[in-house]
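Me: Please show me the chain. I would like to go through the terms used to describe it.

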Amino acid sequence: MAHTPAVSVAIHEGGPVMLPIPPHLQAGSDARRSVAVANSLGATNDHEAILTWLNARAKNVQTRKAYLQEIRRFLAFMLYIRGRLISNATVGDLEAFRVWLVAPYLPAEGWPAGYMPFGKGSEAPAADGQVRLKGLATGSRRRADTTIRGFFRFLHDSGYLATNPCLRLGKLTGEEISQDALEELQLSPEMYARQRRLDAIEQDNRGADKAFSIELWLWLRDFLDAPENQWRIADPDAGEGAAAASRPQPWPPERQERLRCILMFGYAAAGRRAEIAETTMSAIVQSGKRWIWKVIGKGRTAADGPDRVTLDDAAVQALMRYRAARGLSGYPDASERQVPLIAKLTPQRRRSKQPLKTGEGVTAGYLNSELRRFLNYAAPFAAMREPAWEAQLRRAASHWLRHTRGTHFALGHVSLARTAEQLRHKDPRTTSKYYVHMKDEERGEAVDAISTLLKSKGESGEK
């Protein structure tokens, strides 16, 4: 079957939609492509196949963004490192891609300018002229592997590809590495595998620390109204000279109440920062005596309809205070479709000829930054109560509120199914990580039972 010269999905986030295929691949064969009569996809080249896959499988904004990131990275690897079209990918290519994600590099020439698929590990090129980059963690590689597997399964099931190279691809172990990389690291395969296992333990230790204990959360909540909290929080865009000349001015009441709402609503709703930043007041409705947050978040589309998250009284009270500070009526209303939950501050004055815009929502990044400013401000105060809390607060970000809510559900012996529903997890295995301490306690009870048995037998002198 004749090959139609293909172009591929853009690798620049804000750039053009297409990326040209290297000249030596434009007339390449596509021997692995299926015959036309079996191709129900309707695609005549790889670019069309990618777009069809995205339209069919990534209908949610967040999912599309994640899929685009993975397919761009794989596409660039195939075109500029392996020198193949994706429709000609082999098991060897996929294994090499796994290794590349661990120890990535850019070729000395031919790589498209402006595209950086990884964080830079070293500015200077290696002896072979290749630029070394920072590889992905095991969890990120697992997500990449799952995405690419799903991509090839879709192309094969739709008849675009005659074979699916992923069918003969082994399980991702997290220990993939090439012999060249081993020699460069001066490690044996056994030493490298041991190093990866130690890294996995370290990563698990870091992941377990992304939640506030009940004691720290109660202190943080009380600190909002503590007499020592004067809300004199430095603004990052203030110049160093201005900051040194005088103490920061207290935040205005509206900003204080906005932060309270971010903190209390973020914890009660266990929302992701992008979901909260996108929320409008019309999404918060009353159901009987309860207030509900309606959200269409990760993994869902408008056709699925919203999930319903029950809010606690503290979150509702924080919202009411924030609404009052913004000059809004007491309770959210279904007509407030254009009123953001978290908004930019109301200007102190308006210009008659150039009205300032008000009521716009903040970005997810700003919401996270604002919360982090407060947590960093609170850190030295927390250290007076418990020294270890300071480091925790300085590391914390908005997603910690979600982890904290899940952890507290587990500590409160809420069922895993109910916690998964509140956190909107599709896979209960994702939720189960919050219950690891409960399982440790259950195993501990079994260990204690044996210890008690041995002690009783020893004291009675039985043999």
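Reply: The accessible surface of the protein chain comes to about 25500 Å², and 52% of that belongs to carbon and sulfur atoms. Areas are from the Shrake-Rupley method with a 1.4 Å probe, and for residues only the protein chains shown count as cover. This is a predicted model, where local features need pLDDT of at least 70 and side-chain atom pairs pLDDT 80 or more, while totals for chains, interfaces and linings use all residues. Residues are numbered from 1 along each chain as its sequence is written, and side-chain values use heavy atoms, without hydrogens and water.

Me: What makes Trp389, Gln392 and Leu393 of helix α14 buried?

Reply: Buried means under 20% relative accessible area (exposed is over 50%, partly exposed in between; 1.4 Å probe, protein chains only). These three residues of α14 (387–395) are classed as buried, so each has a relative accessible area under 20%. Helices are DSSP runs of H or I with at least four residues, strands runs of E with at least two, numbered from the N terminus.

Me: Why are the buried residues of α14 said to line one face?

Reply: Seen down the helix axis, they fall within an arc of 95°, so they line one face. The arc is taken over directions from the axis to the C-beta atoms. Their cover includes α8 (214–223), α13 (364–385) and α15 (399–411).

Me: What makes the largest set of 50 residues a nonpolar core?

Reply: A nonpolar core is a set of buried Ala, Val, Leu, Ile, Met, Phe, Trp, Tyr and Cys residues joined through side-chain atoms within 4.5 Å. Phe212, Leu220, Trp293, Phe374 and Leu393 have the most contacts inside this one.

Key
Contact = heavy atoms within 4.5 Å.
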